[in-house]
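Hi everyone, and thanks for coming. Let me put today's structure on the screen, and then I'll walk you through it.

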Amino acid sequence: VFLDTTNVMSGHAFVGGSVDIRGKYIQSAELHLTEQDSAHKTGTVEIRKPKTIWSTDSITWNNQPALEDEIVASFSCSGISNTVHNVDLTEWAQRLANGETEDTGLAFLAKEDGTGEKINGPGIKYTFNSDGTIKQALYMSISITYRDMNIKDIDLVEYDYATKIERRFNY
């Protein structure tokens, strides 16, 4: 599975304002994802970078790009529906912000044979309590908390790339 992360660096937002992290200090970056029902065995999923740029309009099984050897992050699938994972992508985001690596997206690779999992994408889906109130929002997003490199006091900004919500913290 390939994840298009071009909005992280392009400044294009699905809704709301644009955020450019170039030259920023990345305090934290997390990929938030939720498992759906699974008919496969549990196991480790590695997140790697594709070696080349690809397009969501034209990628297929036959033309998918090769992956870098470096593992950006990993998480363990539980096989339990609605299990939430917050995967640390801070180092990857900082390298993007520093211009040290090209944004070629991310790819999910099952480490063990037979491992598989359905994961909610960026479209928001909800689960509900018995009284009809929202229990959990299920979607994939990348949240990045950053600050300017030259600020001496800590002024943090968190930006969720799925919901396009920005929160500022002054310490």
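First, some housekeeping. This is a predicted model, where local features need pLDDT of at least 70 and side-chain atom pairs count only at pLDDT 80 or more, while totals for chains, interfaces and linings use all residues. Residues are numbered from 1 along each chain as its sequence is written, and side-chain values use heavy atoms, with hydrogens and water left out.

Now a few words on terms. Helices (H or I, at least four residues) and strands (E, at least two) are DSSP runs numbered from the N terminus. Two strands pair if DSSP finds at least two bridges between them.

Let's start with an open sheet of four strands, in the order S1-S6-S3-S4, with antiparallel pairing. Strand S1 (2-3) and strand S4 (67-77) are at the edges with a single partner strand each, so one side of each has no neighbour in the sheet. S1 pairs with S6 over two bridges, and there Leu 3 stands opposite Leu 106. Four antiparallel bridges link S3, residues 43-50, with S6, residues 106-110. Across that pairing, Glu 46 has Leu 109 as its bridge partner, and Ile 47 has Phe 108.

What lies across S3, S4 and S6? That is helix H2, residues 90-97, running at about 145 degrees to S4. Axes here are lines fitted to C-alpha atoms, for helices over the stretch in contact (heavy atoms within 4.5 Å), and angles run from 0 to 180 degrees between N-to-C directions.

Keep Phe 108 in mind. Searching the whole structure gives one aromatic pair: Phe 75 and Phe 108, edge-to-face, at 6.4 Å centre to centre with 75 degrees between the planes. Phe 75 belongs to strand S4 and Phe 108 to strand S6, so the pair ties together parts 33 residues apart in sequence. For the cut-offs, rings of Phe, Tyr and Trp (its six-membered ring) pair if their centres lie within 6.5 Å; planes under 30 degrees apart are stacked, over 60 edge-to-face, and the rest tilted.

Next comes strand S2, residues 24-34. S2 pairs antiparallel with S9, residues 141-148, over eight bridges, with Ile 26 opposite Tyr 146. S2 also pairs antiparallel with S5, residues 84-88, over five bridges, where His 32 has Asn 86 as its partner.

Finally, the hairpin. S7 and S8 (residues 134-138) run antiparallel, joined by four bridges, and Tyr 126 stands opposite Ala 137. Five residues separate the strands, and Gly 132 takes a positive phi near 90 degrees in this hairpin. Phe 128 lies in S7, residues 125-128.

Which residues make the nonpolar surface patch of about 410 Å²? They are Ile 124, Tyr 126, Phe 128 and Ile 134. Patch residues have over 30% relative accessible area and no salt bridge, with like charges joined within 9 Å and nonpolar side chains (Val, Leu, Ile, Met, Phe, Trp, Tyr) within 5 Å. A salt bridge is a side-chain nitrogen of Lys or Arg within 4 Å of a carboxyl oxygen of Asp or Glu. Accessible areas come from the Shrake-Rupley method with a 1.4 Å probe, and for residues only the protein chains shown count as cover.
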